[in-house]
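I opened my notebook today to look up a few things about a protein chain. Come along and check each entry against the picture.

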Amino acid sequence: MKKTLIASAIAAATFSGAVAAQESNLPTVYGNIQYAITHTNVDGGGSTVDHFDNGTTLGVKHDHEIAPGITGFLKMELEGINADDKAASSGIDKLDEAYIGVKGDSFGQVWVGSDDSMYESAIDKIVNFHEVGTGIGGSYDTGEGDLVQYLSPSFGGLKLGAAVQVNGDGDADNNGKSYPYQVAAMYSIDALELAVAMDSNDGNTSYSSNDPSFNNENTYGVRATYAMGDFSLTGEYQTRKDVGDEYGVIGVYALGANQFSLSYQLVESDAPDATNGDQKDVVALQALHNVSDNMYVYFEGYLYGSDNNEFVLEGGAGDEQSIAAIGGVYYF
């Protein structure tokens with residue numbers, strides 16, 4: 001699911017409903033249906049047209065006052081409905097988010113369960129911005145489940161965050177317990193927001209350290225966002241030793257009911273078995289129109305390139321491909 005746009009849209013659309021629900025202590029139910037059509041052209045590999053469900057979800061959230069200044073909260077979001085084809089759908093069969101927690105102005109918030117990880121929220125913005133998505137993000141292994149996360153209150157614009165993933169006591173194949181962790185710092189001053197984060201990548205216990213594919217080197221990332229009225233500019237850099245580097249920049253402009261964006265991402269491979277300089281990149285553009293308070297439509301275009309046919313793109317068979325996408329979302 002596209003976290004950035006959908007999350008803000010749902011928050012705006014359900015504000016009045018949430019107030020009414022809180023007054024009666026009832027949970028807030030929300031959801032969306034998302035459809036998209038893509039035309040993909042692979043250099044030397046032909047073209048395809050696809051119509052698909054792009055992340056339809058149904059969720060519930062609730063919070064209540066435990067004591068003055070302390071609030072308990074929960075959220076559960078389900079997907080996997082396959083709203084485009086009922087013959088292929090077996091109903092809601094996938095968990096996207098589920099967590100409980102407590103928060104307060106004096107200590108911040110602590111929550112447990114499945115959610116976007118601290119590193120992803122702080123750094124990996126561009127891959128989550130688009131509706132269809134570029135498919136290019138940072139190289140970090142800690143997932144979104146079994147997480148215990150903490151976010152501090154603001155100290156003069158500075159927030160500190162941490163997450164640890166609890167991966168059990170091992171199994172018969174001698175894959176021992178692991179506790180991969182993430183730390184992050186976010187600082188906001190006026191129109192500028194800065195973020196740095198690290199992922200320990202210690203959760204991949206299925207590999208032996210004698211296996212050349214094993215790599216638990218840390219991932220490091222930095223991000224900066226500057227907002228100038230209706231225009232914002234974001235740059236990010238992520239690196240992991242013996243895996244690769246990701247560079248990205250995106251500009252977003254809001255004009256009335258419309259939103260326009262242009263982004264560029266580059267990934268350079270640093271894997272031991274890669275040819276020096278192997279890289280892939282993508283230019284992505286978006287034009288989005290809010291039809292109403294509960295519905296929007298969009299066009300997105302993606303142009304991918306690679307300097308090595310063996311360093312292929314996700315879903316591609318050659319060194320270049322382009323994708324044109326149109327879609328619509330109804331949310332409540």
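Accessible areas here come from the Shrake-Rupley method with a 1.4 Å probe, and for residues only the protein chains shown count as cover. I looked up the accessible surface of the protein chain and found about 16,800 Å², with 56% of it belonging to carbon and sulfur atoms.

A note to myself: this is a predicted model, where local features need pLDDT of at least 70, side-chain atom pairs count only at pLDDT 80 or more, and totals for chains, interfaces and linings use all residues. Residues are numbered from 1 along each chain as its sequence is written, and side-chain values use heavy atoms, with hydrogens and water left out.

Next I checked burial, where buried means under 20% relative accessible area, exposed over 50%, and partly exposed in between (1.4 Å probe, protein chains only). Of the 332 residues in the protein chain, 39% count as buried.

Then I turned to D245. Is it buried or exposed? D245 is buried, yet it has no salt bridge (a side-chain nitrogen of Lys or Arg within 4 Å of a carboxyl oxygen of Asp or Glu). I found R240 to be the nearest side chain of opposite charge, 10 Å away; Lys and Arg count as positive and Asp and Glu as negative, while His and the chain ends are not counted.

My last entry is on contacts, meaning heavy atoms within 4.5 Å. Leaving out residues up to four places away in sequence, D245 touches Y237, Q238, T239, R240, L266, V267 and E268. For A197, leaving aside neighbours within four places in sequence, I listed Y119, A122, I123, V183, A184, T219, Y220 and G221.
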